[in-house]
Amino acid sequence: MKLPVFRLVLTAGLIALSFSAAAAGFRNQNGEKETQDTTSFTSPFYEDNERCFECHGQERYEYKNDNLGTQVKALMCENRRIGRDDFYSSNHKYFSCTDCHSSDYVTFPHPGQLRMEQMYTCIDCHGGDEKFAKFSFEEIETEYQKSTHFSLEKDGFTCWKCHNPHSYKISIRNTENLKETIVFDNTICLSCHSDFRRFQLLSDLEEINILEKHDWLPNQASHFGSVRCIECHTMQNDTILVAHLIRPKEESVKQCNECHSKNSLLMATLYKFQSREQRRDGFVNGIILNESYVIGANRNRYLNILSLVVFGIVILIIGIHIFFRTK
Amino acid sequence: MYLYPVWIRLWHIINAILFIILIVTGLSMQYTDKQDYILVVSFARAVKWHNISAVLLTVNYIFFVTSNLISENGRYYRISKKNFGSDLFKQLRYYSWNMFKGEKHPFPVTTERKFNPLQKFSYVLAMYFAFPLLILSGLGLMFPETIINRIFGISGLVLTDILHITMGFCLTIFMVIHIYTCTLGARPSSLFKGIISGYHESE
């Protein structure tokens with residue numbers, strides 16, 4: 001049960017201390033506010049894509065069986081279903097379906113061999129392209145190839161297991177709300193690690209209970225809502241925004257002071273983009289405007305100096321007092 | 001002169017021990033670093049002991065307030081508006097000037113007046129202003145889901161923490177001054193002995 005009286009008292013106390021702060025918007029390199037979506041977006045390939053969405057964009061689809069001369073109603077297989085809205089608000093919305101998939105798909109029934117179609121991965125399109133240089137796809141690919149996930153590639157692991165190309169949205173650069181990024185990114189991990197149906201497609205390991213595995217973590221709910229899985233489970237990398245080198249579980253971060261310290265690793269991971277942007281605006285403590293608060297990392301240089309000065313003055317006054325007492 | 005009953009002495013020593021643990025563990029959490037320093041408690045241990053001590057301190061504080069409400073001891077903390085400023089000034093002047101000239105204490109301790117005006121004022125500030133804020137903000141940090149997310153664009157957790165460490169710092173300063181002023185009795189050790197034995201040694 002919440003404690004309304006406690007909250008009221010606390011609020012009253014906090015209001016006395018609080019001051020309004022301009023929420024720093026996250027800007028792109030040209031200093032312009034980036035916007036994610038686009039409800040008004042109309043694809044130049046809308047008509048072409050609609051031929052696919054007619055079936056793949058819905059749960060139930062219909063087609064005419066020319067051999068039998070009957071109209072067939074069927075349910076679209078879950079992993080062959082693409083949400084129109086998701087696609088047209090994703091980063092890949094500018095594409096035609098056949099930019100990535102074989103043009104043979106325009107025929108129906110689809111030719112059987114298309115099931116064996118080689119899928120593109122991120123690096124196939126984004127690698128070596130100046131336009132995407134700031135995203136460091138080559139570095140991401142290098143990291144991925146060193147990660148534990150790469151060892152599952154023979155079992156079918158690809159970029160798409162985490163990043164659905166039909167709905168992928170860039171997150172951390174485009175949101176002012178860090179909590180959204182945390183939920184977004186953790187959902188990616190949990191889509192397999194807390195869904196045994198998907199997990200067992202790639203691993204022979206037994207089902208993992210995430211909560212039990214992390215029961216050593218104090219204030220577990222706060223941690224899960226305030227940091228991403230990758231903060232502790234990846235190797236830090238200064239050159240890319242989101243680390244992709246997933247480490248074996250034995251090498252994950254378990255020391256509290258890796259985050260709860262002056263040089264918190266969160267500054268190089270979760271808060272990297274925001275703090276970099278805020279420093280551009282001259283803000284000294286990159287963490288303070290974030291949604292979260294990290295004990296040991298949220299230090300204010302000026303308050304530290306002030307506290308030392310006040311403490312020093314008190315000791316000095318006591319020293320002077322002792323001097324005159326004993327004189 | 002018997003001035004400190006058993007319950008006050010017990011409350012006081014428990015308060016002192018817990019407060020020292022809270023200062024050490026609190027500083028350890030605030031200034032922890034990737035390399036644990038010798039004098040700083042490791043973060044995980046600091047959190048555990050800070051929480052345990054904080055709960056005990058809260059219980060001890062409730063005991064103190066309740067006891068003051070139902071016993072005679074509460075009267076020592078009632079500030080009278082009458083001569084408030086001038087008495088405070090008189091005491092300040094004594095500590096900063098007159099005591100060096102060997103003058104007598106302007107407000108000698110009696111069973112009716114346990115605290116001098118400056119003592120009374122600082123104790124009331126510490127126990128009835130700073131302590132509740134310290135405890136409430138500490139409870140907020142212990143149960144972060146009870147804290148309002150954002151206040152004027154700033155994280156509620158950050159503001160609660162600033163309030164908590166500010167009150168913690170003020171009370172630490174209070175404790176340093178309190179320990180020093182306790183050397184200003186009849187002899188430097190008199191007041192320390194008094195809070196252990198219960199008997200106040202008059203000047």
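When I speak of helix axes this morning, I mean lines fitted to C-alpha atoms over the stretch in contact, with angles that run from 0 to 180 degrees between N-to-C directions. What you have above is a predicted model, in which local features need pLDDT of at least 70 and side-chain atom pairs count only at pLDDT 80 or more, while totals for chains, interfaces and linings use all residues. Residues are numbered from 1 along each chain as its sequence is written, chains are lettered from A and ligands numbered from 1 in the order in which they are written, and side-chain values use heavy atoms, with hydrogens and water left out.

Let me start with confidence, where pLDDT is the predictor's confidence in each residue, from 0 to 100. The model scores ipTM 0.89 and pTM 0.72. Chain B has a mean pLDDT of 90, with 96% of its residues at 70 or more, and for chain A the mean is 80, with 80% of residues reaching 70 or more. Over residues 8-38 of chain A, pLDDT stays under 50, and the model has 60 contacts beyond four places in sequence for that stretch, contact meaning heavy atoms within 4.5 Å.

Chain B has 6 helices and 2 strands, in the order α-α-α-α-β-β-α-α from the N terminus on, and its C-alpha trace spans about 55 × 40 × 35 Å along its principal axes.

How do helix α2 (residues 43-70) and helix α4 (residues 117-142) of chain B pack, and at what angle? Their angle is about 145 degrees, and their axes are 11 Å apart. On the side of α2(B), the residues making this contact include B:Y61 and B:F64, and on the side of α4(B) they include B:F131 and B:P132. By class, the contact has 12 nonpolar, 3 polar and no charged residues, where Ala, Val, Leu, Ile, Met, Phe, Trp, Tyr, Cys and Pro count as nonpolar, Asp, Glu, Lys and Arg as charged, and the others, Gly among them, as polar.

Turning to chain A, an automatic or database domain assignment gives domain 1 (40-118) and domain 2 (127-254). The centres of these two domains of chain A, taken over C-alpha atoms, are separated by 29 Å, and their contact takes 9 residues from domain 1 and 7 residues from domain 2.

Finally, two local details of the backbone. The peptide bond from A:F108 to A:P109 is cis, with omega near 0 degrees, and A:P109 is found in the loop between α4 (97-100) and α5 (122-126) of chain A. A:S136, although not a glycine, has a positive phi of about 50 degrees, and A:S136 lies in the loop between α5 and α6 (137-146) of chain A.

Definitions and conventions
Helix = DSSP H or I, 4+ residues; strand = E, 2+ residues; numbered from the N terminus.
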